Amino acid sequence: MSARNGGETAARLSVELEAKLAKRLLYEWNAINYTYFKEALRQPVLRLSDTRQRLGQWHGELRSLEVSRTLVLERPWAEVVEVLKHEVAHQFVDECLAVEETAHGPAFRSVCERLGIDGRATASPVAGEPDDDPATRTVARIRKLLALAQSPNQHEAEAAATAARRLMLKFNIEVDQSETREPEGRRYGYRHLGRPSGRIFEHDRRLAVILTTYFFVEGLWIPVYRPLEGKRGSVFEICGLEANLIMAEHVHAFLTATAARLWSEYKRETGRSSNRDRQAFLAGVMKGFAAKLAAQSVQFQEQGLIWVPGAELGAYFRRRYPRVQTVRRGGARRNEAYSEGHRAGRDIVLSKPVESGSSKARPKALRSGG
């Protein structure tokens, strides 16, 4: 987004929304201080900066923490929180460790690695893999298989989609069996999937379970804020290896779009249009597709392909989220729409190439000292 558009966005923020935004930023700072630093820090002066040169910056002498207004108003809130974590880590090194080093020196990097904070001078969630990396080659092969899964021949489409899952499974088994281990902080990254939602429905939760059960990622719903509306919401975050993040991101987008298309077809054929039927149908779709994946997994196990999750991903996930709360919610009605959705879900063939450029443009790098 250009600087002009960013200015127009900022101008739409009323005095009331600006006050709510300041209150939310303070809430996020307190949450970071409590969760990661055991309330060892004193509250700084929080400021919104109009510069586009930095996403955030800690000023030790002024005891102020700046966050870019452009970042807050134009990027997803989850990215705002990541920048805040980065800057609070700078505050911790400056005020609690009192070490003299460059902005991203050894002490800062050590703190970030220990707490699961992205210590790189960038707000991009993950670092790309080199073109000759095995993971990159695996993703390229999966793209080709999923393209073949678009075949009008049902048998060929199913075979290609199953081959893509088998390839992903073999890749993860080989990674976990490999004796060569890269530093954990460089092996794993994260993604935020979908748009923030005020409510999490059963089909959203079932899709999240599909990703964490069958696509080699950890995940949880994280709270976010929508500054242009002054409202809270939630978004699903996944953690994992780069290749698995790409695959899971694709599956999330594919199933979301496919379920919506199937509902439109069902609504047109049956005349059912209530939101209650919609929620039931979508939940049934996810349940049906999960049943299909479970049956495939049984076949893989019979072929000797059994993946046992390694400890590294779990450790990375726990560093990022040391305090996790489980909340149980009710589900959609079990009616005819749910049953029809379940049937439709079992017929879904995972297809279409994984688009490497599907994510929105990442924000600019944090400058040195940020």
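Does Thr-138 count as buried or exposed, and at what relative accessibility? At 9% relative accessibility, Thr-138 counts as buried, where buried means under 20% relative accessible area, exposed over 50%, and partly exposed in between (1.4 Å probe, protein chains only).

The views below come from a predicted model, in which local features need pLDDT of at least 70, side-chain atom pairs count only at pLDDT 80 or more, and totals for chains, interfaces and linings use all residues. Residues are numbered from 1 along each chain as its sequence is written, and side-chain values use heavy atoms, with hydrogens and water left out.

**View 1. The whole protein chain.** The protein chain has 13 helices and six strands. Helices (H or I, at least four residues) and strands (E, at least two) are DSSP runs, numbered from the N terminus. Of the 370 residues in the protein chain, 49% are buried. Among contacts (heavy atoms within 4.5 Å) between residues at least 6 apart in sequence, 72% join residues at least 24 apart.

**View 2. Thr-138 in its surroundings.** Thr-138 is found in helix α6. Leaving aside neighbours within four places in sequence, Thr-138 is in contact with Leu-167 and Phe-171.

**View 3. Helices α6 and α10.** The axes of α6 (residues 134-148) and α10 come within 9 Å and cross at roughly 25 degrees. Axes are lines fitted to C-alpha atoms, for helices over the stretch in contact, and angles run from 0 to 180 degrees between N-to-C directions. The two helices α6 and α10 are therefore roughly parallel to each other; angles under 35 degrees count as roughly parallel, over 145 as roughly antiparallel, 65 to 115 as roughly perpendicular and the rest as oblique. On α6 the contact is made by Ala-135, Val-139, Ile-142 and Leu-146, and on α10 by Ala-243, Ile-246, Met-247 and His-250. By class, this contact has seven nonpolar, one polar and no charged residues. Ala, Val, Leu, Ile, Met, Phe, Trp, Tyr, Cys and Pro count as nonpolar, Asp, Glu, Lys and Arg as charged, and the others, Gly among them, as polar. An α-helix has 3.6 residues a turn, so residues three or four places apart point the same way.

**View 4. Helix α10 from end to end.** At 1.5 Å a residue, the 29 residues of α10 (residues 242-270) should span 42 Å, and the end C-alpha atoms are 42 Å apart, which agrees. The expected span is 1.5 Å times one less than the number of residues. Just after α10, Gly-271 takes a positive phi of about 80 degrees.

**View 5. The open sheet.** Three strands form this sheet in the order β1-β3-β2, with mixed pairing; two strands pair if DSSP finds at least two bridges between them. Strands β1 (45-49) and β2 (56-59) stand at the edges, each with a single partner strand, so one side of each has no neighbour in the sheet. The twist averages 20 degrees from one strand to the next. Strands β1 and β3 (residues 64-68) run parallel and are joined by five bridges. Glu-66 in β3 is the bridge partner of Arg-47. Helix α2 (residues 15-37) packs on the sheet, touching β1 and β3, and its direction makes about 125 degrees with that of β1. Helix α4 (residues 77-97) also packs on the sheet, touching β2 and β3, and its direction makes about 20 degrees with that of β2.

**View 6. Two loop residues with positive phi.** Most residues other than glycine have a negative phi, and most peptide bonds are trans. Glu-39, in the loop between α2 and β1, has a positive phi of about 60 degrees although it is not a glycine. Glu-39 is exposed, with a relative accessible area of 56%. Phe-216 lies in the loop between α9 (202-214) and β5 (218-226), and its phi is near 65 degrees, a positive value in a residue other than glycine. Phe-216 is buried, with a relative accessible area of 8%.
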